[in-house]
Amino acid sequence: MSKLVQAFLTGAFFTFFIDFFLFLGIKINYIDLYEIDLYYNVLFADNQNIFIYLFFTLLFGYIITYLEHVKIGFIVIGGMFVLSTLNACTYYRT
């Protein structure tokens, strides 16, 4: 497998995890908070901006595969992961 394809697939993999936690936070903090009975997975499938997703896929793929400074890559990817999980971890009870 070429390094370019590996970078793209690795970036798509990590971007998917970040998107998952982002939309999990929307479900927990909006759908469940307001007790909306009907929840379609349309939030995840139809509201993905392909340009933003591809941008982060290419960015994360480049950082993981080509960047030689491991600390910078860890800070960027770890920071994005922490921000997305903070959205999913904040649960407001009324």
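View 1. Residues are numbered from 1 along each chain as its sequence is written, and side-chain values use heavy atoms, with hydrogens and water left out.

**View 2. Confidence along the protein chain.** The predictor's confidence in each residue is given as pLDDT, from 0 to 100. Its mean over the protein chain is 83, and 85% of the residues reach 70 or more. Helix α3 (residues 50–65) has the highest confidence, at a mean of 93, and helix α2 (residues 42–45) the lowest, at 57. Where pLDDT is low, the predicted coordinates should not be read in detail.

**View 3. Helix α4 and its two faces.** Helix α4 covers residues 70–89, and its end C-alpha atoms are 27 Å apart; this agrees with the 28 Å that its 20 residues should span at 1.5 Å a residue (the expected span is 1.5 Å times one less than the number of residues). Its buried residues are G73, I77, S84, T85 and A88. These lie within an arc of 100 degrees when seen down the axis of α4, so they line one face of the helix; the arc is that of the directions from the helix axis to the C-beta atoms. Turned away from this buried side are the exposed residues K71, I75, L83 and C89. Here buried means under 20% relative accessible area, exposed over 50%, and partly exposed in between (1.4 Å probe, protein chains only). The buried residues of α4 pack against α1 (3–31) and α3.

**View 4. Where α3 meets α4.** The axes of these two helices come within 9 Å and cross at roughly 145 degrees. Axes are lines fitted to C-alpha atoms, for helices over the stretch in contact, and angles run from 0 to 180 degrees between N-to-C directions. The contact is made by F56, F60, I63 and I64 of α3 and by G73, V76, I77 and M80 of α4. Contact means heavy atoms within 4.5 Å. Among the buried residues of α3 are F60 and I63, and what covers the buried residues of this helix includes α1 and α4.

View 5. I18 lies in helix α1 and is buried, with a relative accessible area of 12%. Other buried residues of α1 include T15, D19 and F23. The C-alpha atoms of I18 and F56 are separated by 9.9 Å, although the two residues are 38 residues apart along the chain. Across the protein chain, residues 24 or more positions apart account for 77% of the contacts with a separation of 6 or more.

Technical notes. Predicted model: local features only at pLDDT ≥ 70, side-chain atom pairs only at ≥ 80, totals over all residues. Helix = DSSP H or I, 4+ residues; strand = E, 2+ residues; numbered from the N terminus.
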